[in-house]
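Subject: Handing over a structure, with notes on what was found in it

Dear colleague,

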Amino acid sequence: MIAVNILSQAVTISIALLLASTGEMFNQRAGIFNLGCEGIMAIGAFLGMLIPFAAGHGAVTPPFYNVLGLLFAAAAGMAAGLFFALVVVTFKASQGIAGIGLEMFGLGIAGSFFRHFIGGSQSVPGIGAVVIPFLSAIPFAGKLFFSYNIMVYIGFLCVPVSWYVLFKTPWGLQVRACGTNPRAADSIGVNVSRIRYEALAVSGAMAGLAGAYLSLCQTKMFNDEMIAGRGFIAVALVYFGHWHPVKIMWGVLLFSLAQSFQYAVQGTGINFPYELAVMFPYILVIAVLAFSREESLLGPSALGTPFDREIRT
């Protein structure tokens, strides 16, 4: 039963990372490296809980307001992604520095607005688990597969959808071309800047949803520290999964399982330094990346490189 609890908690933990890293995959496939994912998640987390909180002031609110919170979070994330695209695609600023700036801006504005509009820690009812008749009552499997809120199922549905979009649609082919050889893509009529704008809009919306999942589904509250480096972990997990949605999902589940395990270690009262337990999931990701073959971490060949069709290289 302890194993089932650890596994089910890992599934719950994984969704924010799964949404954020799958979104980050799209902009990296298009050739844009975005370290601002953390800031976008913070904005999404704040807006996600602000709408239902303002509607009910902590009381039970209709599901409509939770949906509205998710939509606002996704829209704000998309706007942040488009703003980042303006900076790095149109103005061709350094993607690393602009990403760090976006991360600091997102965390700062979310924290400032939180203190201004809410003031202190407040909880919201959030989005509860969906009870599936008969299936949720199955021993072990019921808790492991059929005891989550709707966002968990949507998060995992994004994996096959992302795979199909990236590898089976003309738009996905254009995204991959812009990240691999933008000059060749431009020569056959692909608007590289437009594709990169669109990829950043998609990834921003998914990062905003990831943040809203944290505040509406997982913690059902907001605080300044709730993102806790998940945006940077999402970026690392894209490398971990070799820019492929299915492999990214396995990497997310591995990290989430390690995090769930460290929660279980802390909960058992074992005489073990909790600081080391907290570090374990992050050490695991670093170790896997460190021992991965170098060629598997190269990624799209034009990743991080601005494209100017007037300049021939």
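Helix 1 (2–29), helix 2 (37–56) and helix 9 each give at least two residues to the lining of the second largest cavity, and I start there, with the reminder that everything here comes from a predicted model. The space in this second largest cavity comes to about 40 Å³, and the residues that line it are Ala20, Glu24, Asn27, Asn34, Cys37, Ile40, Ser203, Gly204 and Ala207. Sorted by class, that lining is made of four nonpolar residues, four polar residues and one charged residue.

The count of cavities of 30 Å³ or more is two, and the largest cavity has a volume of about 50 Å³. Its lining consists of Ile32, Val88, Val89, Gln95, Val192, Ser193, Arg196, Pro306 and Phe307, and the elements that contribute two or more residues to it are helix 3 (63–90) and helix 9 (192–218). Helix 9 provides the largest share of this lining, with three residues. By class, the lining of the largest cavity has six nonpolar residues, two polar residues and one charged residue.

From the cavities I turn to the nonpolar cores. The largest nonpolar core holds 49 residues, and within it Met41, Phe46 and Phe222 have the most contacts. Helix 1, helix 2, helix 3, helix 4 (95–117), helix 6 (150–168) and helix 9 each supply at least two residues of this core, and the largest share, eleven residues, comes from helix 2. Which residues does Met41 touch, if those up to four places away in sequence are not counted? They are Ala16, Ala20, Ala207, Ala210, Gly211, Leu214, Ile227, Arg230 and Gly231. Another core, of 30 residues, lies apart from the largest one, and Val159, Ala185, Ala199 and Val285 are among its members.

The cysteines deserve a separate word. There are zero disulfides in the structure; Cys158, for instance, is in no disulfide, and the nearest cysteine sulfur to its own, that of Cys217, is 13 Å away.

Leaving out residues up to four places away in sequence, Ser260 touches Asn5, Ile6, Gln9, Ala10 and Ile13.

Leu135, by contrast in setting, is placed in the loop between helix 4 and helix 5 (141–145), and it is partly exposed, with a relative accessible area of 34%. Apart from neighbours within four places in sequence, Leu135 is in contact with Gly142 and Phe146. Leu135 and Phe145 are ten residues apart in sequence, and the C-alpha to C-alpha distance between them is 8.6 Å.

Lys220 is a residue other than glycine with a positive phi, near 55°, and its place is in the loop between helix 9 and helix 10 (230–240). With a relative accessibility of 27%, Lys220 counts as partly exposed. His242, which is not a glycine either, has a positive phi of about 55° and is found in the loop between helix 10 and helix 11. His242 likewise counts as partly exposed, at 30% relative accessibility.

With kind regards

Key. Residues are numbered from 1 along each chain as its sequence is written. This is a predicted model: local features need pLDDT of at least 70, side-chain atom pairs count only at pLDDT 80 or more; totals for chains, interfaces and linings use all residues. Side-chain values use heavy atoms; hydrogens and water are left out. A disulfide is a pair of cysteine sulfur atoms within 2.5 Å. On a 1 Å grid over the protein atoms alone, a cavity is a set of points where a 1.4 Å probe fits but cannot get out, and a pocket is an open set with protein on both sides within 12 Å along at least five of seven lines; lining residues have an atom within 4 Å of a point. Grid points are joined across faces, edges and corners, and a volume is the space filled by probe spheres set on the points. Helices (H or I, at least four residues) and strands (E, at least two) are DSSP runs, numbered from the N terminus. Ala, Val, Leu, Ile, Met, Phe, Trp, Tyr, Cys and Pro count as nonpolar, Asp, Glu, Lys and Arg as charged, and the others, Gly among them, as polar. A nonpolar core is a set of buried Ala, Val, Leu, Ile, Met, Phe, Trp, Tyr and Cys residues joined through side-chain atoms within 4.5 Å. Buried means under 20% relative accessible area, exposed over 50%, partly exposed in between (1.4 Å probe, protein chains only). Contact means heavy atoms within 4.5 Å.
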